[in-house]
Amino acid sequence: MTSREQRPPASPPDSGAGRTAISWTSMAILIATAVASVRGLPAMAAYDWSSIFLYVLPAILFMVPVALVAAELASGWKGGVFVWVKEAYGDQIGFFAIWQQWMQNVAWYPAQLAFFASALAYVWDPSLANSGLFTGLVILVVYWVSTLIATFGVDAFAKVGTWGFLIGTLVPAAALIVFAVAFVADGGKSQLPAVSDAEWFPKFTGLASIVLIVSNFLSYAGMEMNAVHVTEMRRPAKEFPKAIVLSVVLILFVFILPTLAISVGVPGSSVNLTQGVLQAFDVFFNHLGISWGTTVMALLIVIGILASVVTWIPGPSKGLLLVGKEGYLPPRLQGTNSRGMQVPIMVAQGLIVTVLSILFAVLPSVQSVFWILTAMAVQLYLIMYMIMFLAAMKLRRTRPDVKRGFRSPAMPVVGTIGFVASLAAFILGFVEPSGNADSTPQSIYILILVAGIVLLAVWPFVLYRLRKPEWKIDPAPDGTDAHGPQGPGQGQEA
């Protein structure tokens with residue numbers, strides 16, 4: 001779930017001549033690497049075999065349409081979501097769309113760091129994972145330290161992100177599979193029903209029984225960011241669809257097998273949304289006589305999440321900075337430090353994260369807050385996706401003259417499927433999942449979610465009405481902003 005936007009010129013992108021072409025297999029791996037994560041696995045583990053259906057359905061109805069539609073838009077217009085929507089519906093709606101893409105990341109940070117706090121608790125005292133005060137404090141400390149690291153520039157966090165993903169995501173995911181197999185082979189009792197007794201579709205006992213599928217939309221979100229590389233492929237029209245197929249297979253492999261591994265060790269009714277991965281490791285390692293292994297895995301997951309947060313803190317805010325310099329944000333929010341990092345925006349998003357983190361200390365259940373923030377991030381992102389699908393279908397009708405390096409097959413069908421799936425997920429997102437034993441009363445849950453979405457999403461309209469001509473900062477002849485690297489009135493290094 002990311003948003004790396006580039007400054008939007010009006011012309012279509014070049015063909016990528018003179019650059020090394022990206023192979024379709026490399027594109028598939030790039031997509032899979034950006035999407036795969038172990039954070040959301042516990043939410044699906046409660047569904048054991050039917051989790052396969054809950055992974056495959058949004059992949060077909062959401063991930064594939066996003067990839068196809070975004071690839072066409074990226075191959076016709078540079079600048080990402082802001083430009084795509086602006087071309088179809090004007091700059092105000094374009095600003096609204098890119099704002100949601102940035103803001104969903106802000107809501108996502110506390111949920112991601114709640115998972116971090118849960119893993120950290122396992123290193124010292126697992127009972128701390130259920131403490132809202134502990135979780136909130138960890139989120140605040142880690143987030144602001146990560147923000148400080150990010151202010152030192154790309155070199156400070158690029159390698160951290162790469163190695164953190166390998167160590168903290170791929171290794172734990174593979175370890176879940178390996179040790180689940182070892183657990184069963186050593187005589188451990190599997191909590192996963194036998195294939196002959198498997199229920200391949202989730203039981204329907206009301207909307208709350210299937211609403212966890214909404215979390216999978218966020219798991220697949222961010223595909224539009226990788227689509228911007230479609231013009232760097234040799235034959236995008238033929239190779240990009242192949243890359244999508246391979247990436248879907250890889251992503252489902254990473255998601256499904258570790259999820260089933262959790263189901264092997266932990267009964268569905270006992271899976272904790274923030275601790276599920278470590279619960280499974282506890283069962284496997286205790287049975288195999290290497291209980292210290294859970295601490296090792298917890299440390300690896302901590303490293304992976306920290307690297308992820310450090311990497312993504314500057315990424316999405318950079319996209320908002322570039323759009324802001326087109327005149328949509330006040331000059332004080334357009335400032336950068338001597339390393340080119342958008343410190344004012346990162347501080348602003350940190351303040352929002354701080355407010356959201358207080359929910360962990362105020363509400364009684366860590367799991368409920370985790371789900372509220374996850375659902376809030378999903379809802380904000382789905383708003384952007386619905387607008388993107390509508391924009392893609394409109395531009396196919398109104399701007400057929402724009403040359404596209406890749407054209408989605410059956411755009412009206414693909415776009416409609418993506419829009420309807422996003423709308424359905426958005427509606428379902430207002431129902432708290434029945435699998436959460438410490439659930440918040442439904443009326444309070446909806447009130448918190450609606451209030452959060454409105455408070456976070458409404459600001460583009462406010463800023464658009466308040467904008468002034470002097471907010472637009474024209475580049476100086478040397479390529480820097482006319483006001484210098486920090487913008488007017490800026491100068492504070494974080």
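Visitor: Leaving aside its neighbours within four places in sequence, with which residues is Ala 391 in contact?
Guide: In this predicted model, Ala 391 lies in helix α15. Once neighbours within four places in sequence are set aside, the contacts of Ala 391 are Trp 84, Val 85, Ala 88 and Tyr 89.

Visitor: Is Ala 391 buried or exposed?
Guide: A residue is classed as buried under 20% relative accessible area. The relative accessibility of Ala 391 is 0%, so Ala 391 counts as buried.

Visitor: What distance separates the C-alpha atoms of Ala 391 and Val 69?
Guide: Along the chain, Ala 391 and Val 69 are 322 residues apart. In the model, the separation of their C-alpha atoms is 9.7 Å.

Visitor: Which secondary structure elements does the protein chain have, and what share of its residues is buried?
Guide: The protein chain has 18 helices and zero strands. Among contacts with a separation of 6 or more, 83% join residues 24 or more positions apart. Of the 494 residues in the protein chain, the buried share is 56%.

Visitor: How many Å apart are the end C-alpha atoms of helix α17?
Guide: Helix α17 comprises 16 residues, 442-457. At 1.5 Å a residue, the helix should span 22 Å. The model agrees with this expectation, because the end C-alpha atoms of α17 are 22 Å apart.

Visitor: Where around the axis of α17 are its buried residues?
Guide: The buried residues of α17 are Tyr 445, Ile 448, Leu 449, Gly 452, Ile 453, Leu 456 and Ala 457. They cover an arc of only 135 degrees around the axis, so they lie on the same side of α17. Exposed on the other side are Ser 443, Leu 447 and Leu 455.

Visitor: Against which helices do the buried residues of α17 pack?
Guide: An α-helix has 3.6 residues a turn, so residues three or four places apart point the same way. The buried residues of α17 pack against α5 (91-124), α14 (343-362), α15 (366-398) and α18 (459-466).

Visitor: What is the relative orientation of α6 and α14?
Guide: Helix α6 (residues 132-150) packs with α14 at an angle of about 170 degrees, and their axes are 8 Å apart. Angles over 145 degrees are classed as roughly antiparallel. The two helices, α6 and α14, are therefore roughly antiparallel.

Visitor: How many nonpolar, polar and charged residues does the contact of α6 with α14 have?
Guide: Residues of α6 including Leu 133, Ile 139 and Trp 144 meet residues of α14 including Met 346, Leu 351 and Phe 360. By class, this contact of α6 with α14 has 12 nonpolar, eight polar and no charged residues.

Note on methods. Residues are numbered from 1 along each chain as its sequence is written. This is a predicted model: local features need pLDDT of at least 70, side-chain atom pairs count only at pLDDT 80 or more; totals for chains, interfaces and linings use all residues. Side-chain values use heavy atoms; hydrogens and water are left out. Helices (H or I, at least four residues) and strands (E, at least two) are DSSP runs, numbered from the N terminus. The expected span of a helix is 1.5 Å times one less than its number of residues. Buried means under 20% relative accessible area, exposed over 50%, partly exposed in between (1.4 Å probe, protein chains only). The arc is that of the directions from the helix axis to the C-beta atoms. Contact means heavy atoms within 4.5 Å. Axes are lines fitted to C-alpha atoms, for helices over the stretch in contact, and angles run from 0 to 180 degrees between N-to-C directions. Angles under 35 degrees count as roughly parallel, over 145 as roughly antiparallel, 65 to 115 as roughly perpendicular and the rest as oblique. Ala, Val, Leu, Ile, Met, Phe, Trp, Tyr, Cys and Pro count as nonpolar, Asp, Glu, Lys and Arg as charged, and the others, Gly among them, as polar.
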